[in-house]
Amino acid sequence: MASRSELIDIARNAKTIEWLKAELIGGVSALFKAMLKNHEEAITDSLANIVVACYLLGKRMGITFSR
């Protein structure tokens, strides 16, 4: 059986993964809004935020940056 600290770590990791998924969805939403307004700087910022969120989500899920 998992110890209490391991269970807390698992819960914290799950919470972080859910937060990153929400950030990713928010980034896609911001991208669509920027595309609708044809605002190049906002599009670039949104794409950068999406890339960072994807890298961080992948790391949390056990995928290395190099992979």
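A helix, in the sense used today, is a DSSP run of H or I at least four residues in length, and helices are numbered from the N terminus. Please keep in mind that the model before you is a predicted one.

Let me begin with helix α2 itself. The helix has 21 residues, and from its first C-alpha to its last it reaches 30 Å, close to the 30 Å expected at 1.5 Å a residue. Which residues of α2 are buried? They are Ile43, Ser46, Ile50, Ala53, Leu57 and Gly58. Viewed down the axis of α2, these buried residues fall within an arc of 130°, so they line one face of the helix. The other side of α2 carries exposed residues, namely Glu40, Glu41, Asn49 and Lys59.

I turn now to what the buried face meets. Ser46 is buried because its relative accessible area is 6%, and buried means under 20%. Leaving aside neighbours within four places in sequence, Ser46 is in contact with Gly27, Ala30 and Leu31. Ser29, for its part, lies in helix α1, which covers residues 4-37. Ser29 and Ser46 are 17 residues apart in sequence, and their C-alpha atoms are 8.7 Å apart in space. Ser29 is partly exposed, at a relative accessible area of 31%, whereas Ser46 is buried.

Is Leu20 buried or exposed? Leu20 is buried, its relative accessible area being 4%. Not counting residues up to four places away in sequence, Leu20 touches Leu56, Leu57 and Arg60. The C-alpha atoms of Leu20 and Ala53 are separated by 6.3 Å, although the two residues are 33 residues apart along the chain.

Asn38 lies in the loop between α1 and α2. The phi of Asn38 is near 55°, a positive value in a residue other than glycine. Asn38 counts as exposed, at 64% relative accessibility. After α2 comes Gly62, whose phi is also positive, near 95°.

Let us consider charged side chains. Side chains of opposite charge can pair when their charged atoms come close. How many salt bridges does the model contain? The count comes to two salt bridges. In one, Arg12 is joined to Asp9, with the closest N and O atoms 3.7 Å apart. In the other, Lys21 is joined to Glu18, with the closest N and O atoms 3.0 Å apart. An α-helix has 3.6 residues a turn, so residues three or four places apart point the same way. Arg12 and Asp9 are separated by about one helical turn because they are three residues apart in helix α1. Lys21 and Glu18, being three residues apart in α1, are likewise separated by about one helical turn. Arg12 is exposed at 53%, while Asp9 is partly exposed at 46%. Lys21 is partly exposed at 36%, and Glu18 is partly exposed at 45%.

Finally, the aromatic rings. The count comes to one aromatic pair. Tyr55 and Phe65 form this pair, which is edge-to-face, with 5.7 Å centre to centre and 70° between the planes. Where do the two partners lie? Tyr55 is in helix α2, residues 40-60, and Phe65 is in the segment after α2, 10 residues away, so the pair links distant parts of the chain. Tyr55 is partly exposed, with a relative accessible area of 47%, and Phe65 is partly exposed at 49%.

How values were computed. Residues numbered from 1 in each chain as written. Predicted model: local features only at pLDDT ≥ 70, side-chain atom pairs only at ≥ 80, totals over all residues. Heavy atoms only, no water. Phe/Tyr/Trp six-rings, centres within 6.5 Å; stacked < 30°, edge-to-face > 60°. Helix = DSSP H or I, 4+ residues; strand = E, 2+ residues; numbered from the N terminus. Buried < 20%, exposed > 50% of the residue type's maximum accessible area, 1.4 Å probe, protein only. Expected span 1.5 Å × (residues − 1). Arc of directions from axis to C-beta. Contact = heavy atoms within 4.5 Å. Salt bridge = Lys/Arg side-chain N within 4 Å of Asp/Glu carboxyl O.
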